[in-house]
Amino acid sequence: MNKEAVGQELNEIKDIFRSRKFGRLFSGETNNTLIQFFRYIFVGGFATVVDWGLSALLFYAVFGQQYAVAANSLSFAAGLIVNYLLSTFWIFKESKVKSKIAEFIGFALIGLVGLLITAGLTLLFRQLLMEVTSAYQIIAKITATAVSFLWNFFARKYLLFSKK
């Protein structure tokens, strides 16, 4: 993205705030990266609630500590599906990919990198912190969620949905 395009996107945001038409942040089609990122915060937040809620249920009530990676993997997959559905209906209306199946596969492959980040950080924090604190699960989830969030938004925007 060049400086001129960034300037135009910033001007659009300034115009929204000056005119107090905040609804434009939430509705209507847009290719403005800042508005899409703003919306993705909500989509990612909701997908995170699904992911974390299911992760906690699986970790504490079903699998236990020895299967933390399985709990996080299954919960991540559920969050991925929620994220895809909300992202394609609300944020990224235009796709570079003509086939919805291929689009979802691309979306999922990008999410798979996030899953690998989640699994890797869970294993790393378990190895480093398990004997020190049982909070390694929470530390791993927070760290993995932040890294995955940024990776997922920018990879999906520029690899799948941005026609610029």
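**A walk through the chain**

Tutor: Keep in mind that this is a predicted model, and let us begin with A78, which is partly exposed, with a relative accessible area of 22%.

Student: Ok, and where is the place of A78?
Tutor: A78 belongs to helix α4, and, once its neighbours within four places in sequence are left aside, A78 is in contact with V50 and L54.

Student: Stepping back, how many helices and strands does the chain have?
Tutor: There are six helices and zero strands, so that, read from the N terminus on, the elements follow the order α-α-α-α-α-α.

Student: And what box do the C-alpha atoms fill?
Tutor: Taken along the principal axes, the box is roughly 55 × 35 × 25 Å. Of the 164 residues in the chain, 38% count as buried, while the chain exposes about 9400 Å², with carbon and sulfur atoms supplying 69% of that area.

Student: What about contacts between residues 24 or more positions apart?
Tutor: Among the contacts in the chain with a separation of 6 or more, such residues account for 66%.

Student: New topic: how many aromatic pairs are there?
Tutor: The structure holds 19 aromatic pairs. To take one of them, the rings of Y40 and F149 have centres 5.3 Å apart and planes at 45 degrees, so this pair counts as tilted.

Student: Which parts does that pair tie together?
Tutor: Y40 lies in helix α3 (residues 33–63) and F149 in helix α6 (residues 136–161), so the pair ties together parts that are 109 residues apart in sequence.

Student: Is Y40 buried or exposed, then?
Tutor: Y40 counts as buried, because its relative accessibility is 1% and the cut-off for buried is under 20%.

Student: What does Y40 form with F153?
Tutor: Y40 and F153 form an aromatic pair that is also tilted, at 5.2 Å centre to centre and with 55 degrees between the planes. Since F153 lies in helix α6 and Y40 in helix α3, this pair ties together parts that are 113 residues apart in sequence, and both Y40 and F153 are buried.

Student: Which residues do ring pairs link into a cluster?
Tutor: The cluster holds F37, Y40, Y84, F92, F104, F107, F149, F153, F154, Y158 and F161. Charged side chains come into the picture too: R156 lies over the face of F107, at 3.6 Å from the ring centre, and the charged end of K157 sits over the ring of Y158, 5.7 Å from its centre.

Student: How many positive and negative side chains does the chain have?
Tutor: It has 17 positive and 9 negative side chains, and the centres of the two sets lie 2 Å apart.

Student: And where is Q66, and how far is it from K157 in space?
Tutor: Q66 lies in the loop between α3 and α4 (68–91), and at 51% relative accessibility it counts as exposed. Q66 and K157 are 91 residues apart in sequence and, C-alpha to C-alpha, 36 Å apart in space.

Student: One last thing: what phi does R20 have?
Tutor: R20 has a positive phi of about 55 degrees although it is not a glycine. Most residues other than glycine have a negative phi. R20 lies in the loop between α1 (3–19) and α2 (23–26), and R20 is exposed, with a relative accessible area of 68%.

Conventions:
Residues are numbered from 1 along each chain as its sequence is written. This is a predicted model: local features need pLDDT of at least 70, side-chain atom pairs count only at pLDDT 80 or more; totals for chains, interfaces and linings use all residues. Side-chain values use heavy atoms; hydrogens and water are left out. Rings of Phe, Tyr and Trp (its six-membered ring) pair if their centres lie within 6.5 Å; planes under 30 degrees apart count as stacked, over 60 as edge-to-face and the rest as tilted. Helices (H or I, at least four residues) and strands (E, at least two) are DSSP runs, numbered from the N terminus. Buried means under 20% relative accessible area, exposed over 50%, partly exposed in between (1.4 Å probe, protein chains only). A charge sits over a ring if NZ of Lys or CZ of Arg is within 6 Å of the ring centre and within 35 degrees of the ring normal. Contact means heavy atoms within 4.5 Å. Accessible areas come from the Shrake-Rupley method with a 1.4 Å probe; for residues, only the protein chains shown count as cover. Lys and Arg count as positive and Asp and Glu as negative; His and the chain ends are not counted. The place of a charge is taken as NZ of Lys, CZ of Arg, CG of Asp or CD of Glu.
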